[in-house]
Amino acid sequence: MKKYLTIAVFAVLVLSCSTNPFTGKQTLNFHSNAEIFPTAFAEYDKFLNTHEVIKGTEAAATIQRVGKRLTKAAELWFNANGYQGYLDDYKWEYNLVADDAVNAWCMPGGKIVFYTGILPICQNDAGVAVVMGHEIAHALVNHGAQRMSASALQQYVGLAGNVALGASGSSAQTINIFNQAYGIGSQVGVMLPFSRNHETEADAIGLRIMAIAGYDPTEAARLWERMSANSGGSQPSEILSTHPSNQSRIANLRSLAPAAKAEASKYGVTSFE
């Protein structure tokens, strides 16, 4: 039984891998864009219909302007690196929503929401580009679908463990101990690091895209310094968080900025705003 379960899990992993165009690494993804995008687009429309979307203001125009420059830069990168047509199914949309939350997000397929609450921290177009570039990066490499796939695999492995223990005649107490240990271990040891890696990857990709769009990538570290100050230094331990700590993030962004500028120079961009 254990042998067949192991083979089944291995087969699922092999058959469900896709390639990250920015890193060249294999990623786990059970879901195609054709499956995910229509649902994401419908949910986005529902969200907009139940929230106050701001139109006709300078702030709203900023979100549109920065968003279009970033997605144009992303398309330029994909076309230059042998991924022509990669973004054909993306339907980019950029909306500013009245909400005090310090947040922004991009759904699979390119549907973006920026909350008014994060604008004071962004301060300028480059700050907006930092946040939006990060969120766009999640969508470009299908992080949402990868998280769904990882969650499904986590549940599948847990179920497989229960089946194997039951088949071997283990007691209900033993199975319960396994479930508790597996739940904590897989969350802290696998799922949370998986999420933090996505955040770090999105930071790196976002910097490259914003630099190609002509925005100064050194603004990213400064923005996160402002984010850290806004939070009052209050945040959970990194090991128990879905995100890297603010200080880890700031240091990483500083180290990545020169490479982002070098990447932009390949496209003739040598000055930044």
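Two strands are taken to pair if DSSP finds at least two bridges between them. In this predicted model, strand E5 (residues 104-107) is joined to strand E6 (residues 111-115) by 4 bridges, and the two run antiparallel. Within that pairing, Trp 105 has Val 113 of E6 as its bridge partner. The two strands form a hairpin with 3 residues between them, and Gly 109 in the turn has a positive phi of about 95°. Along E5 the side chains are divided between two directions: Ala 104 and Cys 106 point one way, Trp 105 and Met 107 point the other way, and all are buried.

The C-alpha atoms fill a box of roughly 65 × 45 × 40 Å along the principal axes. Because a compact globule of 273 residues would have a radius of gyration near 19 Å, the value of 21 Å for the protein agrees with that expectation. Buried residues make up 45% of the 273 residues. Among contacts with a separation of 6 or more, 71% are between residues 24 or more positions apart.

The mean pLDDT of the protein is 90, and 93% of its residues reach 70 or more. Over residues 1-11, however, the pLDDT is below 50, and this stretch has 7 contacts in the model beyond near neighbours in sequence. Where pLDDT is low, the predicted coordinates should not be read in detail.

The largest nonpolar core has 54 residues, and those with the most contacts inside it are Phe 22, Leu 70, Phe 114, Met 132, Leu 140 and Ile 209. Helix H5 (residues 125-140) supplies the largest share of this core, with 9 residues. A second, separate core has 9 residues, including Ala 40, Tyr 44, Val 97 and Tyr 115.

In one of them, Arg 65 meets Asp 125 with an N to O distance of 3.1 Å. This pair links distant parts of the chain, Arg 65 being in helix H3 (residues 58-80) and Asp 125 in helix H5, 60 residues apart. Arg 65 is partly exposed, with a relative accessible area of 33%.

Another salt bridge is formed by Asp 216 and Lys 261, whose closest N and O atoms are 3.9 Å apart. Asp 216 lies in the loop between helix H7 (172-212) and helix H8 (219-231), while Lys 261 is in helix H9 (residues 246-265), so the pair ties together parts that are 45 residues apart in sequence. Because buried means under 20% relative accessible area, Asp 216 counts as buried at 16%. Lys 261, with a relative accessible area of 31%, is partly exposed.

The surroundings of Asp 216 extend this picture. Asp 216, Glu 219, Arg 222, Arg 226 and Lys 261 are linked in a network of salt bridges. Within this group, the side chains of Arg 226 and Glu 219 meet in a salt bridge with an N to O distance of 2.8 Å, and both Arg 226 and Glu 219 are buried.

Methods
Residues are numbered from 1 along each chain as its sequence is written. This is a predicted model: local features need pLDDT of at least 70, side-chain atom pairs count only at pLDDT 80 or more; totals for chains, interfaces and linings use all residues. Side-chain values use heavy atoms; hydrogens and water are left out. A nonpolar core is a set of buried Ala, Val, Leu, Ile, Met, Phe, Trp, Tyr and Cys residues joined through side-chain atoms within 4.5 Å. Buried means under 20% relative accessible area, exposed over 50%, partly exposed in between (1.4 Å probe, protein chains only). A salt bridge is a side-chain nitrogen of Lys or Arg within 4 Å of a carboxyl oxygen of Asp or Glu. pLDDT is the predictor's confidence in each residue, from 0 to 100. Contact means heavy atoms within 4.5 Å. The radius of gyration is taken over C-alpha atoms; the globule rule is 2.2 Å times the number of residues to the power 0.38.
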